[in-house]
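Subject: Structure handed over, with notes on what was found

Dear colleague,

I am passing on the structure we spoke about, and I would be grateful if you could look through it with the notes below at hand. They begin with individual residues and end with the chain as a whole.

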Amino acid sequence: MALRLGDIAPNFKADTTQGQIDFHEWLGSSWGILFSHPADYTPVCTTELGALARIQPDLVKRNVKVLAVSVDKVEDHHGWIKDIDQVNSCHVDFPIIADADRKVSVLYGMLDPTHIDDVTGLPLTVRGVFIIDPAKKIRLTITYPASTGRNFTELIRVIDSLQLSSKSVTTPADWKQGDDVIVHPSIDDEEAKKRFGEFRTLTPYLRLTKQPQ
């Protein structure tokens, strides 16, 4: 059965470029981005891991850990990281899983049956993304086509929105950090005034207020 939003992210143990991890223990009380890429030494993925390495300080500020998945071996990952660092002028400081047996990829439904490894004859991983909250629940899933690099700025935007949701607000289309937010429909006007002070009523079901801090 495919994983759905709200499901508990399956736990696993895996070898990575930073040693063996137990996923749930490694995540701890942090948010997590788990993302897969088809193979090491591939052009789009080289730019993606570099882009993510450059924004990692922004993720740390948001209590977000990053974990990559590839079907290649740990020693291959270490060699590839040198290329990523050089090409992107960055320092990859997050672990990359060596998923040669495809256990993690199968667990998360990340294999592409149409994209076969010429050497092993086994399917490669899709360009998938999971955002997982501190309660280990899946809060977002996206699958990108092989030809399209991921937009990590958008993932930060989604994380910002998800972290605000605990304050009884939601975010409108094209929202970004600092913009007005939507008062959750479950909050009546009286309670909204107590929580947010001023708000603007566009319709009975659409009320805007300043972003809570």
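K136 is found in the loop between β8 (127–132) and β9 (138–144), where helices and strands are DSSP runs numbered from the N terminus, a helix being H or I over at least four residues and a strand being E over at least two. Its phi is near 70°, a positive value in a residue other than glycine, and at 14% relative accessibility K136 counts as buried, a word used here for under 20% relative accessible area, with exposed meaning over 50% and partly exposed lying in between (1.4 Å probe, protein chains only). A135 is found in that loop between β8 and β9 as well, but A135 is partly exposed, with a relative accessible area of 47%. The C-alpha atoms of A135 and S30 are 8.7 Å apart in space, although the two residues are 105 residues apart in sequence.

Before going further, please keep in mind that this is a predicted model, in which local features need pLDDT of at least 70 and side-chain atom pairs count only at pLDDT 80 or more, whereas totals for chains, interfaces and linings use all residues. Residues are numbered from 1 along each chain as its sequence is written, and side-chain values use heavy atoms, with hydrogens and water left out.

R102 likewise has a positive phi, of about 65°, although it is not a glycine. The place of R102 is in the loop between β5 (96–98) and α5 (103–107), and R102 is buried, with a relative accessible area of 6%.

Next come the aromatic residues. A search of the whole structure finds six aromatic pairs, a pair being two rings of Phe, Tyr or Trp (the six-membered ring of Trp) with centres within 6.5 Å, called stacked if the planes are under 30 degrees apart, edge-to-face if over 60 and tilted for the rest. One of these is the pair of F23 and W26, which is stacked, at 6.2 Å centre to centre and with 25° between the planes. F23 and W26 are three residues apart in helix α1 (residues 23–27), so they are separated by about one helical turn. F23 counts as buried at 2% relative accessibility, and W26 is buried too, with a relative accessible area of 18%. The rings of F35 and F94 have their centres 6.2 Å apart and their planes at 65°, so this pair is edge-to-face. Because F35 lies in strand β3 (residues 31–36) and F94 in the loop between α4 (74–88) and β5, the pair ties together parts that are 59 residues apart in sequence. F35 is buried, with a relative accessible area of 0%, and F94 is buried with 1%.

F12, F23, W26, Y108 and F130 form one aromatic cluster. Leaving aside its neighbours within four places in sequence, F23 is in contact with A9, P10, N11, F12, L67, Y108 and I132, contact meaning heavy atoms within 4.5 Å. The C-alpha atoms of F23 and N11 are separated by 5.7 Å, the two residues being twelve residues apart along the chain.

Two charged side chains lie over rings, which requires NZ of Lys or CZ of Arg to be within 6 Å of the ring centre and within 35 degrees of the ring normal. The charged end of K65 sits over the ring of W26, 5.3 Å from its centre, and R207 lies over the face of F199, at 6.0 Å from the ring centre.

S165 is found in the loop between α6 (152–164) and β10 (169–170), and S165 is partly exposed, with a relative accessible area of 32%.

As for the whole, there are seven helices and 13 strands in the protein chain, and its C-alpha atoms fill a box of roughly 65 × 40 × 30 Å, taken along the principal axes. Buried residues make up 46% of the 213 residues. Of the contacts with a separation of 6 or more, 63% are accounted for by residues 24 or more positions apart.
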